Amino acid sequence: MTASGPSLVAHPLTPDRWADLERLFGPNGASSNCWCAYQRVSGAEFGRGCANGGAGNRALLRALTDEGRRPGILAFRGDEPVGWISAGPRVEFGRLLRSPVTRLAREERGDPTVWSVACLFLPRRSRGQGIARFLLGAAVEAARAAGGRRIEGYPVDTDGRRIESGSAFMGTRDLFEQAGFTVRAEHWKGRPVMSLDL
């Protein structure tokens, strides 16, 4: 899958692009040694994975990549990685399956045709340039190409307020609305479940 926009190109994370991800994420694994593992494992597993500079979380993401799972999409401007979105079948994100934000009924948890946007990461130098919008579009395209019937996001509703960037790692309601997503439910105040039928 390759998607392009004005001076931007998106590529799925594959083993040959691992060094690009490392360049983008830097020594902190994007944020606090996360390595985009937060939504995939339990709180205890995530905590253990953060130890030793995030070695366990890094190893998890590397293993998924090496297995050919394509756990996310990188945005490039030229040869420079400028952003990341983690998206895939919702069944791959254990924390989302159990979250009070999603409040899924047990029978809904195993549906592989519903995709989730689990995380967006843009370093400071990449913000305010439409890269998040571009990456969300690439995730929608990837879900559609894989036979997904719906893609969901769980953004923060800023209600026009300015918020700290670390609080918006799942995107903002405005971003998803601009991409055509609509509110499906709101089980947790300020954290709507937004979806787009594919």
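View A. Strand β2 (residues 8-12) is mostly covered, with four of its five residues buried; buried here is under 20% relative accessible area, exposed is over 50%, and partly exposed is in between (1.4 Å probe, protein chains only). Helices (H or I, at least four residues) and strands (E, at least two) are DSSP runs, numbered from the N terminus. β2 pairs with strand β3 (residues 73-77) in the antiparallel sense, over four bridges; strands pair if DSSP finds at least two bridges between them. Look for A10, which stands opposite A75 in β3.

This is a predicted model, where local features need pLDDT of at least 70 and side-chain atom pairs count only at pLDDT 80 or more, while totals for chains, interfaces and linings use all residues. Residues are numbered from 1 along each chain as its sequence is written, and side-chain values use heavy atoms, with hydrogens and water left out.

**View B. F25 meets F121.** A search of the whole structure turns up seven aromatic pairs. Rings of Phe, Tyr and Trp (its six-membered ring) pair if their centres lie within 6.5 Å; planes under 30 degrees apart are stacked, over 60 edge-to-face, and the rest tilted. The F25 and F121 rings have centres 5.5 Å apart and planes at 90°, so this pair is edge-to-face. It links distant parts of the chain, with F25 in helix α1 (residues 18-25) and F121 in strand β5 (residues 114-121), 96 residues apart. F25 counts as buried at 5% relative accessibility, and F121 is buried at 14%.

View C. Y38 is in the loop between α1 and α2 (43-66) and F169 in the loop between β6 (150-153) and α5 (173-178), so the pair ties together parts 131 residues apart in sequence. Y38 is partly exposed at 32% relative accessibility, and F169 is partly exposed at 31%. The charged end of R95 sits over the Y38 ring, 3.9 Å from its centre; that call needs NZ of Lys or CZ of Arg within 6 Å of the ring centre and within 35 degrees of the ring normal. R58 has its charged end over the ring of W35, 5.7 Å from the centre.

**View D. Helix α4.** The buried residues in α4 include I131, F134, L135, L136 and V140. After α4 comes G147, with a positive phi near 90°.
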